[in-house]
Amino acid sequence: WTLGEGDPFVHVPNVPFSHVQLEWQIPECRRWYQRLAGRRRLIRYDARGFGLSDRDVTDFSLDAQMRDLEAVVDLLCLERFALFASGDSGMATIAYAARHPERVSHLILWCTWARRADVSGWPRTQAFRALLDQDWEIYTETVASVILGWSAGEEARRFAAFYRECATPEMTRAAVRALYDVDVTPLLAQVSCPTLVLHRRQIPTFDLKVVRELASRIPGARLALLEGASPMPILGDVDSVLRAIHEFLGDEPGAEMEAELPQAHAPVTILFTDMVSSTALTQRLGDAEAQELVRAHNTIVRKALRTHRGREIKHTGDGIMASFASATRALESAIAIQRAFVEWNSAPVRGGSRTALTAAGHGQPAVEPMAVRIGLNSGEPVAEEEDLFGAAVQLARRICDHAQPGQIMASDVVRGLATGKGFLFADSGDVVLKGFEDPVRIYEVRWREDDNTVDS
């Protein structure tokens, strides 16, 4: 599962909390992955025996885990990439970095260890293993309560249910048996890539001596001890974790601007993009080359969202839905998107032009031109589980559907909120939109340099 564009960042799965599909449905997980992908190309996969991977597995050895990682990066033709690992997956990742220094650009280790015996002998760890052998449901609920806190209640029960979807008791026991004897301490001195060891000081199940020793044995490793008690980076002070990662990777400050959250009861501006004739493009070009166009669309739109502090709500298959706390920034983002597509279409490709009506083969990017329509509306949608619902969202979608290729169409509410801000609107009159009984007044947002329509 890949997300975003840029230098590859491989997120190694943490056994047994691995399920690339279900994780995306957990708001905290989704937000974590989206923010990582805001600057880089994020690569996720499920560990052998867990998540969506085959469950009929017997080999959980260190070499088997490294072969899985090797298979993923080879499939994606990644020559050099950053690695992120946590918990037990850290041991295989350390071994891979030591044995393949030419491929690993950066190594980030979160709450992990080099020798399983350093943590398996603790009384709490031994109690967990006893529960695993006796009662699977109580084991998962106990682990969830320790991670989330004993007062988490219903939230902990949901996490325990997610845990049970990730794994079976048989696979978990088999993996635990294989992991308990792993020791990659002799390989630490061979890790030559820049390494960041991240940990939270107040994690109750972890002795800080273990993480300090881990960092001290890796040449030049940087140790960052953060405040907090959660062993999961997606919980607690996530911002400090992401700041440490981005600083370590050398990402430019400000490259990932935080989406601006709306004030309570303030209107939100919804933006939809839609790739014109995406189905016809797929039929004409084939799945692989049509997907190149989708990736180009996603890159352009997400860059504009970051620049103008928009928040991506979801990918719709042939477009993106986003929200803004400001109608002005939503309009600026829409204009930036359309101008970026003009530039993309006119860029020369292998001596030709992207405006050619044929696609290049042999695994190279397609040169088919892209046209995108954009619709905007402002209102007070219902927010639930990181998504937005309601009439305000539906109207924005219908306005987008009504727009012509290359157009930006906005509701009268958006026009009113942006009055006096320098935007040019052309009155398109009252139109009947699917699902709305009354005609809706909409306006075309003029964005081309030769547009001279005054605000009407």
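Let's start with strands β16 and β18. In this predicted model, β16 covers residues 408–411 and β18 covers residues 440–446. They pair in the antiparallel sense, over 3 bridges. Look at A410: it stands opposite Y443 in β18.

Now the sheet around that pair. It is an open sheet of 7 strands, with mixed pairing. Reading across, the order is β9-β10-β8-β13-β16-β18-β17. Which strands sit at the edges? Those are β9, residues 311–315, and β17, residues 424–431, and each pairs on one side only. On average, neighbouring strands of this sheet are turned by 25° against each other, direction ignored.

A helix lies across this sheet. That is α15, residues 391–402. The strands it lies across are β8 (268–275), β10 (320–324), β13 (372–379), β16, β17 and β18. Against β13, α15 runs at about 155°.

On to helix pairs. Take α3, residues 62–75, and α4, residues 89–99. They pack at an angle of about 65°, and their axes are 9 Å apart. So α3 is roughly perpendicular to α4. The crossing is right-handed. Who makes the contact? From α3 we have L62, D63, Q65, M66, L69, E70 and V73. From α4 we have M91, A92, A95, Y96 and R99. By class, that contact has 8 nonpolar, 1 polar and 3 charged residues.

On the α2 side, the contact uses W32, R35 and L36. On the α11 side, it uses V238, D239, V241, L242, I245 and H246. The residues divide into 6 nonpolar, 1 polar and 2 charged.

Last topic, confidence. Mean pLDDT for the chain is 85, and 86% of its residues reach 70 or more. Which element has the highest mean, and which the lowest? The highest is β16, at 98, where we began. The lowest is strand β12, residues 352–353, with a mean of 38. Over residues 350–366, pLDDT stays under 50. The model still has 39 contacts beyond four places in sequence for that stretch. Where pLDDT is low, predicted coordinates should not be read in detail.

Terms used:
Residues are numbered from 1 along each chain as its sequence is written. This is a predicted model: local features need pLDDT of at least 70, side-chain atom pairs count only at pLDDT 80 or more; totals for chains, interfaces and linings use all residues. Side-chain values use heavy atoms; hydrogens and water are left out. Axes are lines fitted to C-alpha atoms, for helices over the stretch in contact, and angles run from 0 to 180 degrees between N-to-C directions. Helices (H or I, at least four residues) and strands (E, at least two) are DSSP runs, numbered from the N terminus. Angles under 35 degrees count as roughly parallel, over 145 as roughly antiparallel, 65 to 115 as roughly perpendicular and the rest as oblique. A crossing is left-handed if the near helix is turned anticlockwise from the far one by less than a right angle, and right-handed if clockwise. Contact means heavy atoms within 4.5 Å. Ala, Val, Leu, Ile, Met, Phe, Trp, Tyr, Cys and Pro count as nonpolar, Asp, Glu, Lys and Arg as charged, and the others, Gly among them, as polar. Two strands pair if DSSP finds at least two bridges between them. pLDDT is the predictor's confidence in each residue, from 0 to 100.
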